[in-house]
Amino acid sequence: MSDLSRSQMEAIFEATKACRALNESSEKKSASLKGKTVINLFFENSTRTRTSFEIAGKRLSADVINISKGGSSVSKGETLLDTAKNLQAMNPDVIVLRHPSAGAAYHLTQILEAHVINAGDGAHEHPTQGLLDLMTVKDRKGQLEGLQVGIVGDIAHSRVARSNLIGFQKFGAEVTLIGPKSLVPESFKDLGAKLSYDFRKSIPQLDVIMMLRIQTERLKTSPFPSLREYARFFGLNRSLMEKAKPDVLILHPGPVNRGVELDPEVADGPYSVILDQVKNGVAVRMALLEALVRS
Amino acid sequence: MSDLSRSQMEAIFEATKACRALNESSEKKSASLKGKTVINLFFENSTRTRTSFEIAGKRLSADVINISKGGSSVSKGETLLDTAKNLQAMNPDVIVLRHPSAGAAYHLTQILEAHVINAGDGAHEHPTQGLLDLMTVKDRKGQLEGLQVGIVGDIAHSRVARSNLIGFQKFGAEVTLIGPKSLVPESFKDLGAKLSYDFRKSIPQLDVIMMLRIQTERLKTSPFPSLREYARFFGLNRSLMEKAKPDVLILHPGPVNRGVELDPEVADGPYSVILDQVKNGVAVRMALLEALVRS
Amino acid sequence: MSDLSRSQMEAIFEATKACRALNESSEKKSASLKGKTVINLFFENSTRTRTSFEIAGKRLSADVINISKGGSSVSKGETLLDTAKNLQAMNPDVIVLRHPSAGAAYHLTQILEAHVINAGDGAHEHPTQGLLDLMTVKDRKGQLEGLQVGIVGDIAHSRVARSNLIGFQKFGAEVTLIGPKSLVPESFKDLGAKLSYDFRKSIPQLDVIMMLRIQTERLKTSPFPSLREYARFFGLNRSLMEKAKPDVLILHPGPVNRGVELDPEVADGPYSVILDQVKNGVAVRMALLEALVRS
C-alpha cells in the first residue's frame, strides 16, 4: 500500500466496480487474461485468499496454477529464490505470493520479469486486503476523507492493520489502533496512528471499526492472560455496540473467531460488511490482474 | 434421492445419455457452463468423487475451484456456515458439498443462493452415487420395475445404501439389505426394505447385487470378529456366484477392497458393471450441473 | 527413452521449438488440446514436474486434472491398477504418471486406452527430463554427436541418469558416469557408459556436465561418510571449474542442493543452463501432448 498513490487506488476502485458487475452477471467471464499464466504461490495456507485469487484469474480466462508449499528444512530465502527463478523460466505473467517473511514479494519483484502481487508477507503488508477494505468503506460511506477508523486487536502481528493504516491515511481518514498494550507497539505513532488501550472509551468516536482476528497460531508467547480476558476488553459485543455510532461499519478480514473478537450477533448484524469485503475481494483482485497485465 | 421424483430422475437419465455421448466423442467440450463457477467443497477426502465432479464441470466449460478441508478444531457446523457464506459472496453458481454431517448439504440450501449438490453427507445420502447406480442398472436391464436388488455390507453406516434404497423403490424395484445383524438395523424395514442376514440364501433371487465397501475408517468399534470372518459370509466370491442368476449385475461404489467384499475374479468378471458406474458418474454429474444452471 | 528413435526425438525437438516460441509470445494459448482431458497422476510429490505438465496442458486448452496420492496401505500395484481403470472410465486422453515403481507407466500402457506419459518411474526412467536435457544441450552446442557428457552423482538411484545415458548415446555422444564407487554400479558398463570415480581427473574432457541431486530421501543407507565429504570430491565448485573446458555446459535437473553438489556461484554462473532446462521442460511437454493427441 505504501507504493500506491491515492489516484492509483482510485483507478483500481473504478475498475473493481466493473469487475463486481461482471461477477453479478449471468456469464461471469472476460477474455482479458486469455493466454496469460497466473501462479498462486502460497508458502502459508490460506484457502480464502487463494480461492479469491483463483476465481479472479479464472473469470478473466487466465491459466491459473496453484502451488502450496509447507515449511521446508532449507533456508526459506534460498528456497524462495530458487523456486521463483524456476517458475520464471516457465513464463508466467503474474506470480501471487503469500510468504511468512516480510519483504518476500518485494524481493521477487527485483529478480523476476513476471508481475508479483503481494498476497501477504509476514507481519508486513497484505495490500489486496487493504484495497478491498478501503473499497468496502468507500462504497458505504461515499468517501474516506475525515472518517475515524479504529483497528482493534493484535496490531503488532497484523499485516492487515499495517496495510489499512497506510491506505486510510492516504485518503485523509484518521486511524486509531486499539488493543492491549502488549499488542499495540508505541512505534506505530511514528506512522501517524493514534493509539488506544481502551476500546470502550474510543468506540463512540469511530465511523469504522475493523476487528482483527486473534491468530493464536502466530503468537509465540501469549500476550494476554486468556482469550476470555481478551474478549472481555477487546471483543465487540452487543453491549459495546450500544456505545457506537448508529451508522458505524464493522469489518473483519476473516475468518472470524466467533465469541472472541466478535460476538455472532455483531458479525451477522446490520452494521457488519464482512461479506461485502469478500465480494469486493474477488473484484479488486480481478481489477489488479487486469491492470498489471495491461501495463 | 428423497427429493427427486421418478420423472425428474428419468429426465436426468436422458440428459446423462447425451453427456455420455459427449464424453466418448473426440472433443469432449460443451459451452453450457461457460462463465459459471462450480466450487467443490470437500470436508472429507474423496479423490474419486472430486475428480468426477471436476471433470464434469470442466468439460462443460465451468470455472472449477477445489477446496478441501481437514478436520478443524472449531465446531464443524459453525465452520461450515461461515465458510459457505464467504463462498457465496464470491458468486459461485454451484457448490458441491461433501461433509461428514448428515443434513449438511440441505442446511446450505436454506442459506445460500447458489445451487448445492450433495456429494455425500455423513451416513445420510449420496444422491449422485444413487443416480449413477440406477442409470447403470437401467441401461443394462432396460427397466428397473420389478427388479430384485440386494445391497450387501455395512448398511448402517452407508449413505450409498440409503440413496439406492430410496431410488430403486421409486422405480418399483424391491430392495433387500443384506449383512451381519450388527450392520443391518431393523429400522430399515420402516423404509420398505427387506432384510437378510444370510447372503447365500438370498443370492439366487437377486437381479442386481450391490456390494458395499467395508469402510474400516468409519467404524468406531468392530462390528464383526475379523475381516476374514466377514469375507467368508458376506464377501462375493466365485463359489457364491454359482448360486446367482446367470444375468445378475454386480455393482460396487468403489474403491474395492479386493479379497474382502469382492473377490478379484468377480470384480473383474463379466457380471461386473463397476466401470460403467464410474463412466456414468461423470455423465450424471454433467447432466445435474446443466439442469441446475438452466433452472 | 529406450522406446524413442533418434528421428522421433528430432521431430519432438522441432515441435518443442514452436511451443517455446508460443510460451514467449504475448498470448500463450493454443486450441490444439481443446476438449481433451489430461490427468496428472502423481504418486510421489513433485511440484516442479507437476507444474510443468499442468502449464503445458492448460496452454494447449486441455482440461487438466491433478491427482496426488500419498503412500497407501494396500499393495501399490493393485492400487495403481484399480485407480487407472477407474480413471480410464472417465475418458481421459492422456494420463501423466509419476510412480515410485519402475515399470509403472509401461504397465498402464498395456491396460489403458488413454495415452500414458512416464513422468518418472522409480529408479528406472524420467524421459521428459531426458528430452528436455538433450534439447537444451543441442540448442547450445548445435549438435550432440561426438560430445563428451559427464553425469555426476548418485547414478545408481537416478532415473534422470538412465534416461540421459540412453538419449545421449542414441545421438552419438559419449557418456561418462561419475561418482563414488558405491553410487556408480559396474553394471552400467553394459549400457555402453564409461565409469569414473575421479571427477577431478575426468572434468577436463567434458563438453557437458550434468550434476545430479543428492536425494537423501531416496537413500536407504548412507553410501558416503557425510555430505561434506561427498561435496569435497563430487561437488562442483569454482576451483574445479578452472579445470573444465571454457565452453562447458552445466546442467542440473533441480532442485539444487546449493553447497552440496553445486556451489551457488556455479549454479548461477555463465556456464549453467539450468533455467534453460526448465523453460524447455514446459515446451517439450507441450510438444509431447500434441504429438500424442494427434496420433
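Me: Which side chains meet in a salt bridge at 3.8 Å, N to O?
Reply: In this predicted model, the side chains of K34(B) and E27(A) meet in a salt bridge at 3.8 Å, N to O, where a salt bridge is a side-chain nitrogen of Lys or Arg within 4 Å of a carboxyl oxygen of Asp or Glu. Residues are numbered from 1 along each chain as its sequence is written, chains are lettered from A and ligands numbered from 1 in the order in which they are written, and side-chain values use heavy atoms, with hydrogens and water left out. Local features need pLDDT of at least 70 and side-chain atom pairs count only at pLDDT 80 or more, while totals for chains, interfaces and linings use all residues.

Me: How many salt bridges does the rule find across chain B and chain A?
Reply: The rule finds five across that interface, and it also finds twelve residue pairs in polar contact, both at pLDDT 80 or more. A polar contact is a pair of N or O atoms within 3.5 Å; within protein, one must be able to donate a hydrogen and the other to accept it, and residues adjacent in sequence count only if both atoms are side-chain atoms.

Me: What area is buried between chain B and chain A?
Reply: About 2000 Å² is buried, of which carbon and sulfur atoms give 50%; buried area is the accessible area (1.4 Å probe) that two parts lose on being put together, summed over both. On the side of chain B, N86(B), M90(B) and N91(B) supply 29% of the area buried against chain A, more than any other three residues.

Me: OK, over to chain C. What is buried between chain C and chain A?
Reply: There the buried area is about 1900 Å², with 50% from carbon and sulfur atoms, and K28(C), R258(C) and L275(C) lose the most area to chain A among residues of chain C, together 23% of what that side buries.

Me: Which residue of chain A does K28(C) meet in a salt bridge?
Reply: The side chain of K28(C) meets that of D93(A) at 2.4 Å, N to O, and the rule finds five salt bridges across the interface of chain C and chain A.
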